[in-house]
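This report covers side-chain packing, a surface patch and one backbone feature. The sequence and model come first.

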Amino acid sequence: MSLTFLVAALESILVAMGLAILGPNAEGLHWAIRWTGRLSLLLFLSAFLASSLQRSLHRPWTAALLRRRRYVGLAFAASQFIHLALIGLAYRRAPATMGPLDFAFYGGAVGYFFTGLLALTSNDRAFHWLGPKRWRLLHATGMGVLWLIFFVTYLPGLREGGIPLVLLLVLGLALVFKLTVKFAARKR
């Protein structure tokens, strides 16, 4: 069973269990949206940091993560599309509890565009068709855009504190770590 299918199946089961307990109302849907967003962030950071972790730590688990990065990225995409389905369901069942179609909504749409594009090009055929240079540019740009969208999403954590603040700090530290490893490799 592929990692992508396994993550999507487990996430769907957990969301269904949560909605069965909390109910498919505003409270349950917002819980599921938060939970799937945070799982997506974990998967994103795993793919985002895979090469930097391997370069700096050289451990069996970092090598395994790097070898499976494509599937971690596809699991991220699956998680994000479950997240999107829940957002759509919340707009349908509890529209008064959802935000307006503003900058955040359209920023999210850009994120889904890149998520879909990265997922569609996460195969050997796309790599050869685009060529290594364009493929790397596309994936680096897409990951950068997604990092920025996650960062802006959790930016209110500066005011609110709690888990959003922790996630904002994790995102910031992840970027600093990635850039530090990248610049150290260039100096060598």
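A residue is called buried under 20% relative accessible area, exposed over 50%, and partly exposed in between. The model discussed here is predicted.

L14 has a relative accessibility of 38%, so this residue counts as partly exposed. L14 belongs to helix α1, which covers residues 3–22. Together with L6, L10, I13 and M17, L14 makes a nonpolar surface patch of about 440 Å².

## Nonpolar cores

The largest nonpolar core has 27 residues, and L41, F44 and F48 touch the most other members. Two or more residues come from each of α2 (26–57), α4 (69–93), α7 (132–154) and α9 (162–187). The biggest contribution to this core is that of α2, at 10 residues.

With neighbours within four places in sequence set aside, L41 is in contact with F150, Y154, L167 and L171.

Which residue has a positive phi although it is not a glycine? The residue is H58, with a phi of about 50°. H58 sits in the loop that lies between α2 and α3 (60–67).

L14, by comparison, is partly exposed at 38%.

Definitions and conventions. Residues are numbered from 1 along each chain as its sequence is written. This is a predicted model: local features need pLDDT of at least 70, side-chain atom pairs count only at pLDDT 80 or more; totals for chains, interfaces and linings use all residues. Side-chain values use heavy atoms; hydrogens and water are left out. A nonpolar core is a set of buried Ala, Val, Leu, Ile, Met, Phe, Trp, Tyr and Cys residues joined through side-chain atoms within 4.5 Å. Buried means under 20% relative accessible area, exposed over 50%, partly exposed in between (1.4 Å probe, protein chains only). Helices (H or I, at least four residues) and strands (E, at least two) are DSSP runs, numbered from the N terminus. Contact means heavy atoms within 4.5 Å. Patches are made of residues with over 30% relative accessible area and no salt bridge: like charges are joined within 9 Å, nonpolar side chains (Val, Leu, Ile, Met, Phe, Trp, Tyr) within 5 Å. Accessible areas come from the Shrake-Rupley method with a 1.4 Å probe; for residues, only the protein chains shown count as cover. A salt bridge is a side-chain nitrogen of Lys or Arg within 4 Å of a carboxyl oxygen of Asp or Glu.
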